[in-house]
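Please look at the model first, and then follow each answer from the definition to the conclusion.

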Amino acid sequence: HDGRPSGDALIAVATNFREAAMRLEADFEAESGYEISLAAGATGQLYAQIQNGAPYDVMLSADRRRPQMLVEDGLAGADSLFTYATGKLVLWSADEALLSCVSGEAVLRSGAFRRLAIANPHLAPYGTAAMEVLTGLGLSDALAGKLVRGQTVGQAFAMVSSGNAELGLVALSQTVQLADNAGGSFWQVPSDLYSPIRQDAVLLERASSNEAARAFLAYLRSEKGRATIAQFGYETD
Amino acid sequence: MPDLGPVLLSLQLAAVTTVLLLVLALPLAWWLATTRSVFKPVAEAVTALPLVLPPTVIGFYLLIALNPQAPIGAFWVSMTGDTLTFSFAGLVVGSIVYSLPFMVQPLQSAFENVGKGPVEAAAMLRASKLDAFCNVVLPQSMRGLITACVLTFAHTIGEFGVVLMIGGNIPERTRVVSIAIFEHVEEQSYAEAHWLSAGMLVFAFLVLIAVYVLNRSWRVRTG
Amino acid sequence: MPDLGPVLLSLQLAAVTTVLLLVLALPLAWWLATTRSVFKPVAEAVTALPLVLPPTVIGFYLLIALNPQAPIGAFWVSMTGDTLTFSFAGLVVGSIVYSLPFMVQPLQSAFENVGKGPVEAAAMLRASKLDAFCNVVLPQSMRGLITACVLTFAHTIGEFGVVLMIGGNIPERTRVVSIAIFEHVEEQSYAEAHWLSAGMLVFAFLVLIAVYVLNRSWRVRTG
Amino acid sequence: MSGPANSLTLSLLLERGDFRLRLDETIALDGVTAVFGRSGSGKTSLLRAIAGLDRPAQGRIVFGDDVWFDTDTRQSMKPHRRGAGYLFQDARLFGHLSVAGNLAFADKRSGHQGDAIAFEDVVAATGLSDLLSRNIGGLSGGERQRVALARTLLARPRLLLLDEPLTGLDRAAKREIMPYLRDVPARFGIPALFVSHDIEEVTALANRILVLDGGRVAAHGALGDVLQTLDLGPLLADGTTGSLIEATVTGHDAALGVTQLDLAGTPLSLPLDERLETGRTVRLFVDASDVALATARPEGISIRNILPGQIKAIEKNASRPYADIVVTIGKGQLRARITRASLAELALTEGMEVFALVKTMSFAD
Amino acid sequence: MSGPANSLTLSLLLERGDFRLRLDETIALDGVTAVFGRSGSGKTSLLRAIAGLDRPAQGRIVFGDDVWFDTDTRQSMKPHRRGAGYLFQDARLFGHLSVAGNLAFADKRSGHQGDAIAFEDVVAATGLSDLLSRNIGGLSGGERQRVALARTLLARPRLLLLDEPLTGLDRAAKREIMPYLRDVPARFGIPALFVSHDIEEVTALANRILVLDGGRVAAHGALGDVLQTLDLGPLLADGTTGSLIEATVTGHDAALGVTQLDLAGTPLSLPLDERLETGRTVRLFVDASDVALATARPEGISIRNILPGQIKAIEKNASRPYADIVVTIGKGQLRARITRASLAELALTEGMEVFALVKTMSFAD
Ligand SMILES: Nc1ncnc2c1ncn2[C@@H]1O[C@H](COP(=O)(O)OP(=O)(O)OP(=O)(O)O)[C@@H](O)[C@H]1O
Ligand SMILES: Nc1ncnc2c1ncn2[C@@H]1O[C@H](COP(=O)(O)OP(=O)(O)OP(=O)(O)O)[C@@H](O)[C@H]1O
Ligand code: MOO
Ligand SMILES: [Mg+2]
Ligand SMILES: [Mg+2]
């Protein structure tokens, strides 16, 4: 439909979930025979794109707010809303030593680093969570000059992994995929320092009769799907 | 090797844009090169605007103009069933706006360099304005014409900001090579980013070398 | 009214870049315009590369080259104590690379249009090459020089992709106007986006009108 | 003859910076009219206005029955429709075409009208045969102008506008082209305006002359009349003046290399030009400085053209070292410029019978 | 005189496309040497090589003691250091400067050497006083070339390279500039190479002549010698030839407007030129076509310059309608070109006493 060259459903996915979504995509396609494709972006970015006519069938958000707003805008069906994952925030460094013996909080408080990368708080829920943490620790002013912001949590992570920032407040899922090769060190931010990052999925109105999209959403909730999601460090209900 | 989809998409976008812009820009550039109207500076300024405006300003206005709720966007949906934003057609519109000065300005300079001498000479040999334009001005502007097309093609290949805003990142639809590279960096797929970047670098260099070698010999031939 | 910080920052970046590039580009463009070296097409192609390369390719390579672990980045850190990425200095480096052809190419064209006639005439009036360049070629290339500076300035103002990748979006440091607009749009703060975009549009239009009116009268004066 | 149907009406005011060209003339559309005047007198400006390349501020340009330009009726025919062939001072060849390409450009668009001007003839007459495949870039100044001349002819124009076409050519090239330039208007009935500041060129090529001085017409009429009545000397700071006389071709002597003519009963001989048929009347231009006078027929002298006549007028001026003597010869007049010393010595007076000795003269058409 | 210290050695091979210029000459560095030849013969190419604007493929250019160019030692002095003043065929004025600005450009850089050439004199001589504040854009062709000439003079060059400086000027302007061009080398000791394809210009301005034909030197030497010995006619398809004779100024008659001279005992009169002091020896150029011969002294004739002499040689050629008669007059020779018909009629033979009648002649320097 829509003259889309391939893929029976187009899934908009928040960047923190991109790696997981790719694994799910492969498994799902093998299992179901449907073709899906992924378009990643910051949650806020994806929401704005949908507002402006982007032809997505499903949105995998990094928060509950945007899917809810889409429902209110009449762009998504309320009945399809569900939480597919709950994410965790970590302080990560590409340096294996940096966070291995000292607690992340101490490092943050010491200020002994040049740059701390976070995602854009206005667009990426992981950025919002990161600001909550800094504010909670009373460091938001002290560290303001060291903050660099990526448009997505993916870009924030890239700033650290490319060596341009020593530290980043990013998603646990992003460090999980690195565990085997790049390594680095991380500090899992205590969950009391930020509101839970509950990530909702929603079927968009335009895809209300899109079998592939529905099937993919169902797969996310399936046992196998949830197991995959959990492998990436998310909590599933 | 990375996915070549974005590369093909970029080439396609650049080709379509270059051809459409050439058709639009030839008369516009000729008018600008020859008019004595007091509106000429205004027309020149409008034509040059995309050079000066951040791509995000262009992207923003296009988003407002082309989205399905706006008149143009709604018309397009009613005609094709597809939205203009986040589609290849929308990128073509965006690229035409974005690359306009890259086509018009070299053409205008080339036409101005030819000057009125040859046109007057052609008129005295019974050539109409159009005849003189096609058979004297254009051939004498070949270098400018090639430069204009290459710049337009290249600039469209390199387009990023506008695409990011009105195209997003949809595989095989709007995921052009510049977006793909950005995303690969974001995903830490540095290998893929390297492949694509190196590929673009080699491609760009070869295209440019070809143009400049061509220009060189072309120039020698016309003294 | 939106925050004007990004606007001022963009103007500052464009001004610094234009001045530095002018100094770099004058000799380079003159060499390109006059050399008969077989390497000329290669040099021209390298100079034109930033035109053809997506800003994300440039951004990617700069991210790799300027990071504090890389030689250049490390050297900068040891000299200034600050990193090149995510700093104003880094943006200047990026802008110089990104806008290089916008300065070199109009200058080169202008010099080529002047041709060797006036230089030869000047030599016969006891003017050295440098004398002829400063007092004959440059004044006769004023239009090209102004065009080059305006294009460079404007193109730097419009820079988005490179800044997005190496800037880090730091208010008053690297958050230039194009980035601010992008964010406003993505955040759907359309009112702010409108303010900034309209401001850019008016500014751009006025600058360009000024240039073209100037060019017009300048041209009339030199026949 | 020069009724409005066969004439070019020029009634115009043209402004170029401080310079004003003002003109109200009707030019007969047959043969060649020289536009003569010193540098900056407005010759090029006039030709451009006629061609339609510049618009007069005010006025009318009417070619035969066609209104080319009229500010009152707001008419202005497009330059390429006027059918004027303009030879520019600066050649203006098309650099992207070869010599042959430049010629073909004109040839193609002219529709080969009547084919009265053959491509090959033009190429031969302008000596371009060996240059046809050359690029424009490598041509010398003279070569360029020969190509431009050929190209203009191949456009088969209704009116030739020649803006100093011989400037920059060496004498050899001039001589080669001169006869062709001289023949074109007559042979193909194409009238021409010929801009020049060389009186010799003018007398060799033109029937009529329009003299411009500072944007105004100083004289206009038949070449003979103007040269006879107007002393061009002070106007042009040129010192040249002369006369036109008519003679009849009586034969050719190829062995001696002369063409024989008859002027009011006196035989004349000129360098051989076998294209002139016997019986034809030709005009000869005689530079006043080339005419000597004698009170008795000299004998044993190498000057063979000795014309008996009567002094009609003696023009002298204390500020000039020479005097101009107008001698009636048959029905024509010959102007002789001799020193005032000679005038005194020979005691010439009006009405006196004298012999005019002419060593050099040239066919004027 | 023309020892290496005071000469320009040109030994070079230059290639431009198919064209080859080959030269091995030493040019004396005083006065004016004309570089003469038809279009495409390589005149401009030679001047550019001397100026340093083009590099010969091979050879040496030595100006006095300075090596300007030498392929053997790989020397090549920068063009602006050579101190050559080049007047280009196409003016090459600086469009961004006014007329005054163009002149000042040269004036400033010349260091006003000796101030022997005053700014005001140059401006006056080239008639530019009223144009000084004008822009280059609005100048006519003739005006442009006058500015270029003035500008070159103001650079106070060590060697003038004049590439057809009079082409495109009308006679009035030529006359204005000619005396200045003639005086500059002598007055300021600046030697000049003067490119022209006009033999009159050459004879009026040059002492020596270098004739080029197809990139080769066809003749080189004193103007009189070359004109006497070389029939330039066939080479130049020009038909002009002439002689230089020397005469002594004996006085001026302002009333009659003549300057009187003595040529081997015969009095001559020429148009008044009061700048010539009595007693001075001047050279006169006499065009062979302006000389008539008589077997007896003609009486009652307006030609006042009648020179007795003896026929030294008769040059005729069946393919030409004229013969050249070389007449010895005093220590000099005069060449007369008469028709073969006259030759037969007068039965001229070598050794015969004749009278040469010269109506027109000009001061050659
Ligand atoms: N664009 C212009 N602006 C100002 N003055 C001009 C312009 N064009 C021509 N003129 C002036 O008009 C006058 C006439 O110029 P024009 O070229 O017609 O003269 P011309 O008789 O052809 O001279 P030449 O024999 O040197 O070619 C000149 O004094 C010239 O300076
Ligand atoms: N760049 C070039 N490529 C090929 N041939 C050239 C080039 N420049 C000059 N020539 C040729 O060299 C020859 C000599 O040219 P040059 O300009 O020296 O002649 P010239 O004697 O000055 O002629 P003119 O009197 O017409 O100015 C000409 O035949 C010309 O066609
Ligand atoms: O996954 Mo996000 O929306 O970039 O934090
Ligand atoms: Mg003119
Ligand atoms: Mg030449």
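Q: Why is the pair B:Glu187 and A:Arg18 called a salt bridge?
A: A salt bridge is a side-chain nitrogen of Lys or Arg within 4 Å of a carboxyl oxygen of Asp or Glu. In this predicted model, where local features need pLDDT of at least 70, side-chain atom pairs count only at pLDDT 80 or more, and totals for chains, interfaces and linings use all residues, the closest N and O atoms of B:Glu187 and A:Arg18 are 3.6 Å apart, so the pair meets the rule. Side-chain values use heavy atoms, with hydrogens and water left out, while residues are numbered from 1 along each chain as its sequence is written, and chains are lettered from A and ligands numbered from 1 in the order in which they are written.

Q: How many salt bridges does the rule find across the interface of chain A and chain B?
A: The rule finds three salt bridges there.

Q: What makes residues of chain A and chain B count as part of the contact?
A: Contact means heavy atoms within 4.5 Å, and the contact takes 27 residues from chain A and 23 residues from chain B. Chain A and chain B bury about 1,800 Å² between them, 52% of it on carbon and sulfur atoms, where buried area is the accessible area (1.4 Å probe) that two parts lose on being put together, summed over both.

Q: How do you know that A:Thr15 and A:Thr43 make polar contacts with ligand 3?
A: A polar contact is a pair of N or O atoms within 3.5 Å; within protein, one must be able to donate a hydrogen and the other to accept it, and residues adjacent in sequence count only if both atoms are side-chain atoms. A polar side-chain atom of A:Thr15 lies 2.7 Å from an oxygen atom of ligand 3, and an N or O atom in the side chain of A:Thr43 is also 2.7 Å from an oxygen atom of ligand 3, so both pairs fall within the limit. For A:Tyr126, a polar backbone atom is 3.2 Å from an oxygen atom of ligand 3.

Q: Why are strands β10 and β11 of chain D said to pair?
A: Two strands pair if DSSP finds at least two bridges between them, and strands (E, at least two residues) are DSSP runs, numbered from the N terminus. D:Asp213 stands opposite D:Arg216 in β11(D).

Methods: Helix = DSSP H or I, 4+ residues; strand = E, 2+ residues; numbered from the N terminus.
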